[in-house]
Amino acid sequence: MCNTRQSLAAKLDWRAAFEAFGFGSPTRSCLPQSFECPLCDFGTLSAMDDHVLGTEWFICGDCAFSGDLIELVAEHMGIDIDDAISVLDSHYLFESPPDTDHIASYISQHIRYRKRINQFWQESRVRPLEKISDSGIALLRKCSLGDNVLRPLWSDHGGQLFGTAEIREVEELFAPLSYEDRVRPNRNGKSSVRRGGGPGKSRLFVGNSWGEVLVIPHYDLPGRIIGFTFIGRDVNPHAGDIIYKRANIGQTNQRPKESGIAMLPAVQPGLHRPFGSTVFIFTDIVLAMWLHARWFRESYRPLPVVAVQEKSNLKSLNLPTSLEDRRLIFCGPLQVTLPLARRHNGSVSEYTIPDADIATRISRRPPTDYLHLFEENARPWDTALDRLLPSISAEEGRLLLERLEMPPTEYRQILAMSKQQDRIEALAPLRVGATKVIIGGDTVIERPDGWFVESSEERICNYPMRIDVVRTTDMGNTQYEITVQCSDRPVTLRVNQREIHNGNLFAAVNRRLLQQQGEPLIYQQRKWARQSLFIAQELSEPEMIRDAGRIGWTSDGLRFQFPNFALFHNGELDRAPMAIELDDGPLPARDLSPPRTDSLCVEQLSDESSENGIVWGLAACVIQHLARRHCHSQPAIGVVLDGAYSHETGASAAIALGCGSVNLAARRSLSIQDYISRQCSFHDFPVLIRLGRNSRMRMQASWLDTPNFKHAIMPLNPFAAISVASRPGFVRVCCDGHPQSLGASASAARWIIPNYLSDLLKRRFFYDPDRNDQLLVTILDDMAEWFDREGGSPGVVRSARNLLHFDSEDIPRAFVETVVRLHDEGLIACVRAGAEGTVSGKTPVAVVVQNVSEKEAGRISLRPTLVNDALQRKGAPAVPLNQIRDSLDLQGSLLARQGEGQGEQWLIDQGWWDKVVESIRCARTELVIS
């Protein structure tokens, strides 16, 4: 079966449809974007480009919806696809009214075809639990997947990524009705009903001994299968035992075709603890399968391992959203992995598993050991290219450089940094002409009135254009500064890489010209649009600016970079903005101005008010994040806002100081861990992470393992706040009371960061304390001295120290405060020994028993595991009990331990306990804002 050339959904404008049905208002013209899901109450609908069909794809991880715009409307209204098309047509949303044939082909060759593929995969996943044959069991054992067959464990282990199927079921999927009974003519002129003989010449499985096969789906988008890998017989790739078959989705004449990512669900749930954000992409799918199979014997959570299929007519052209912001390590032959790593901004591993280990199906050591070796030997692709070129022949080097498909600007950049310049120039000389570009058999020439084909004088576009500057970020984002020579004057445009689809620079420039000038770019769409970016790069020799998107310290430029200015290492000011505004993250410091003398700001910030106290406390935290790379890469300190005043007034102060703000409720299909890591990785400014109003999200302990989590400022409930701050590397900004407006302090707060950093750079001052709590105190003291020189009150700055709590430096006290808060909320009860049954009302989750007599010292008997149960019920992560117990024991407060496991009890000195409780209550009273 073959799809129609284009999906019917491609004739719709998704922005107009979203506004017509109230799905949400697009914030920008390009994708991806996120919206509140119209299908469920609390999910996030992610909209992304569908590069295969030239339309859009929508997915919600909470209600498990995935589909195009027509399916979204049908699901939202609870109607059939036919009715949804009629509704969309009644709103005049199609480019042209669809006829009956278009609708019928869309339903049969898109909707029903994808449903058949999904149904086949779901049946394959559960087959080992229901009706697998002996040959299937033998195959799974050859694949190291036989341990959990015919057991319920299969669904939670191998069944997440693998399935089995009979070869006839596979052939009927791709060649339906080929085995059906049909009326066929006989030689005697009569007809008879005979069974179909299968797909014939189109059969997938050639040769004998095929029984059941292992099924591995490939995904091009979350929720959409683009193809399958089938493994059978002896699992020998050289004998043809491994077959990839692409589903017929997309244009049949498009080359190369999208092959998708195998085992993609392995990296969708979140970050894998031993490897963080790293994803290993193998070109050998059998090796990836063995790693997963061995790991499934010990864990139900897959390894961060996926596989790709690369051939001359098949390539993994686009990465799903779940992989865009991960650290990608490509594993396999360098001639294959180098082009992949360049295409997807990843690294390549030079490690190869020994043949002896391959022969034993990598059973000699744990799979994580192999992955650590791949990770340790990972190199940037350009570094690996330099190391590889001397060891391969000239023909192999020429083919490799051709497969890299480097545009001229990147070619020049690599050439300038390479140690193999002479060899690269000899293998792949760069064609550079001032006004000519050779593409295939055609020569494109540039004239004042546009670009033309030299031989035929065919006009390609009406305005010539040159790329003057290419700005790149450390997250792989690129921005082009382009000069377009319009009819009356040159126009400078800035175009982000995400706006350029399939190399079509014309479309992006046309949109910008219409927005800024009101006049279009006239260009040849069919033949030359996809070559337009390449032509512009060939005609240009742009300036390359690295690390352009980071707001904060840039090591290359030795300066603090802000959107509107920069401060050099000697304190000099540069007013030229260099930053790229990222589509997916908030741009911090947007409202900050260059350093200036302002007596009014000094006067406003010298006022002894609660607002100024929290402004100066958070300013020290922000300065620590900004200056940590400047000061020899000190670790970041995570900021937790505790208390109603800190939540609202503190959040306003963070934004006024320049921090960006994101809402977890607006995340796309990313997990919370991935989303936090993504948003906190763009800049040196910490990011204010909001849970959203009426959010049902609960703080999980797994968040703490998220990379970049300490780059966030998070308002948390009282229980989550103290639980998180008990870990090393966090500071708790604690302030109770009714939230207040910052008032004049908001505008004055914007003055602090630029002016203090300018003074810091002029003095060449570096922070170098021994501990994190001392670091923030050092910063506050230095800021106080600077503010004194500016004519302000240093005491106001130093008083902010009272708001900063380092619970990890006094873990026993933090634990007692946790128990006190649980008691005040009615979640635990304090009763006399033997009086547990007198607690009325709701049964307490934990009981603290005071056991006091005249003959013995007072002591408190506490079950710590029940305290953690109470915390989890309040949406807070559990506290580290082992660490707390050791701290109590070290200072002599823990008198004894009784029992083990869930029934363990601690006997704590009541005198010490009461003293700490009294100090906590006094401190909380002092922090209340009147």
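**Helix pair α23 and α28**

I started with helix α23 (residues 718-725) and helix α28 (residues 811-824), whose axes come within 10 Å and cross at roughly 170°. Axes here are lines fitted to C-alpha atoms, for helices over the stretch in contact, and angles run from 0 to 180 degrees between N-to-C directions. That makes α23 roughly antiparallel to α28, a label used for angles over 145 degrees. I then listed the contact (heavy atoms within 4.5 Å): Pro 718, Phe 719 and Ile 722 from α23 meet Ala 814, Glu 817, Thr 818, Arg 821 and Leu 822 from α28. By class, the contact residues are five nonpolar, one polar and two charged.

**Ground rules**

I note that this is a predicted model, in which local features need pLDDT of at least 70 and side-chain atom pairs count only at pLDDT 80 or more, while totals for chains, interfaces and linings use all residues. Residues are numbered from 1 along each chain as its sequence is written, and side-chain values use heavy atoms, with hydrogens and water left out. Helices (H or I, at least four residues) and strands (E, at least two) are DSSP runs, numbered from the N terminus.

**Four-stranded sheet**

Next I looked up the open sheet of four strands, ordered β19-β20-β21-β22 with antiparallel pairing. Two strands pair if DSSP finds at least two bridges between them. At the edges I found β19 (436-439) and β22 (459-461), each pairing on one side only. The twist from one strand to the next averages 30°. Inside the sheet, β20 (residues 442-447) and β21 (residues 450-453) are joined by four bridges in the antiparallel sense, and Ile 445 stands opposite Phe 452 in β21. Helix α18 (residues 532-539) lies across β19, β20 and β21, and runs at about 135° to β19.

**Strand β23 and its partners**

I checked β23 (residues 465-472) for cover: six of its eight residues are buried, meaning under 20% relative accessible area, with exposed over 50% and partly exposed in between (1.4 Å probe, protein chains only). Seven bridges pair β23 with β24 (residues 478-485) in the antiparallel sense, and Thr 472 has Thr 478 of β24 as its bridge partner.

**Salt bridges**

I counted a salt bridge as a side-chain nitrogen of Lys or Arg within 4 Å of a carboxyl oxygen of Asp or Glu, which gives 37. I looked at three of them.

- Glu 71 and Arg 114 have their closest N and O atoms 2.6 Å apart. Glu 71 lies in helix α2 (residues 69-77) and Arg 114 in helix α4 (residues 100-130), so the pair ties together parts 43 residues apart in sequence. Glu 71 is buried at 12%, and Arg 114 is buried at 12%.
- Arg 398 and Glu 395 meet at 2.5 Å, N to O. They are three residues apart in helix α14 (residues 394-404), about one helical turn. Arg 398 is partly exposed at 28%, as is Glu 395 at 42%.
- Arg 885 and Asp 886 have their closest N and O atoms 3.9 Å apart. Arg 885 is buried at 16%, whereas Asp 886 is partly exposed at 47%.

Last, I traced a network of salt bridges with shared partners, made up of Asp 642, Arg 732, Asp 807, Arg 813, Glu 817 and Arg 821. Glu 817 and Arg 821 had already turned up in the contact of α28 with α23.

Definitions and conventions. Angles under 35 degrees count as roughly parallel, over 145 as roughly antiparallel, 65 to 115 as roughly perpendicular and the rest as oblique. Ala, Val, Leu, Ile, Met, Phe, Trp, Tyr, Cys and Pro count as nonpolar, Asp, Glu, Lys and Arg as charged, and the others, Gly among them, as polar.
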